[in-house]
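Trainee: I'd like to go through this one with you, pockets and ring pairs included. Can we put it on screen?

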Amino acid sequence: MKIIRDTQRNCARMAAEEYRKLLNENPHCVLGLATGSTPEMLYEELVALCKAGKLSFKDVTTYNLDEYVGLDGSHPQSYRYFMDSHLFNLVDIDKTRTHVPCGIGVTDEMAAHYDDEIKQAGGVDLQLLGIGHDGHIGFNEPHDAFDLGTHCVDLAQETIEANKRFFDGNEDLVPKQAYTMGIKTIMQARKVLMVANGKGKADIVKKAFFGPVTPEVPASILQMHPDFILVGDEEALSEI
């Protein structure tokens with residue numbers, strides 16, 4: 001595990017540099033992408049690099065971690081909408097090569113097909129993650145076992161509470177289920193990059209990466225990944 005500690009902006013720049021190196025070395029790479037407030041600054045840096053001609057997404061294929069069940073891609077809080085707004089519409093990517101799980105009509109067959117698509121694409125070269133206050137990655141919530149493949153999950157109350165800020169603070173509007181890559185799918189990525197910011201993440205970062213590996217803290221499994229980078233600001237890494 002490699003740990004990088006700096007300001008939020010410098011962390012975003014260093015994370016963006018990992019992408020620049022990868023895309024220049026392998027223009028046809030497969031990226032696993034994430035949503036939420038954590039990666040926004042990283043996406044700003046990637047857009048700037050693309051506009052400056054320092055990297056290109058034109059031959060890249062992407063697979064997002066997750067999507068809310070019940071929201072289609074036109075909903076302002078869907079993760080497809082987020083990705084279009086923060087990255088895809090702002091860079092030279094072929095949007096037919098961008099994949100976000102469909103939140104409508106989710107079935108076990110759809111979930112298995114998503115994993116199959118990733119395998120057929122050659123697997124994820126670089127997977128981006130954030131970390132939830134309870135240690136969830138993607139929408140893999142604390143559990144008594146590690147969920148393996150892409151699946152539908154009931155969201156924990158803590159996750160619903162944390163996400164209601166995106167729904168005008170109204171908990172009733174937050175979807176109660178999501179469609180997410182599983183732990184096995186995430187762990188099969190060749191490299192995993194996690195970005196963590198803010199004092200509120202300090203306790204869970206310590207538990208996840210300096211405590212036992214347990215499905216009660218899903219992110220702790222990343223201790224076992226052969227090429228994992230944790231990038232965080234001083235507050236998020238203050239307990240380690």
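**Pockets, rings and a sheet**

Mentor: Start with helix H3 (residues 79-86), which gives five residues to the lining of the second largest pocket, the most of any contributor. Keep in mind that this is a predicted model, where local features need pLDDT of at least 70, side-chain atom pairs count only at pLDDT 80 or more, and totals for chains, interfaces and linings use all residues. Residues are numbered from 1 along each chain as its sequence is written, and side-chain values use heavy atoms, with hydrogens and water left out.

Trainee: What volume does the second largest pocket have?

Mentor: On a 1 Å grid over the protein atoms alone, a pocket is an open set of points with protein on both sides within 12 Å along at least five of seven lines, while a cavity is a set where a 1.4 Å probe fits but cannot get out; lining residues have an atom within 4 Å of a point. Of the 13 lining residues here, Pro76, Gln77, Tyr79, Phe82 and Phe166 lie nearest the centre. The volume is about 160 Å³.

Trainee: And which helix gives the most to the lining of the largest pocket?

Mentor: That pocket holds about 610 Å³ of space. It is lined by 28 residues, with Gly36, Ser37, Thr38, Ile131 and Lys201 nearest its centre. The top contributor, with four residues, is helix H5 (residues 157-163).

Trainee: Which helix gives the most to the lining of the largest cavity?

Mentor: The structure holds two cavities of 30 Å³ or more, and the largest has about 50 Å³ of space. Thr38, which is among the residues nearest the centre of the largest pocket, is also one of the residues lining this cavity. Helix H1 (8-25) and helix H2 (40-51) each supply at least two lining residues. The one that gives the most, with three residues, is H1.

Trainee: On to the rings: how far apart in the chain are Tyr68 and Phe139?

Mentor: Rings of Phe, Tyr and Trp (its six-membered ring) pair if their centres lie within 6.5 Å, with planes under 30 degrees apart called stacked, over 60 edge-to-face and the rest tilted. Eight aromatic pairs come out of that rule. Tyr68 and Phe139 make a tilted one, 5.7 Å centre to centre with 40 degrees between the planes. Tyr68 sits in strand S4 (residues 66-68) and Phe139 in the loop between strand S6 (126-129) and strand S7 (151-154), so the separation is 71 residues.

Trainee: Is Tyr68 buried or exposed?

Mentor: Buried means under 20% relative accessible area, exposed over 50%, and partly exposed in between (1.4 Å probe, protein chains only). Tyr68 has a relative accessible area of 1%, which makes it buried.

Trainee: In S8, which residue is the bridge partner of His151?

Mentor: S7 and S8 pair in the antiparallel sense over four bridges. In S8, His151 has as its bridge partner Thr180.

Definitions and conventions: Grid points are joined across faces, edges and corners, and a volume is the space filled by probe spheres set on the points. Two strands pair if DSSP finds at least two bridges between them.
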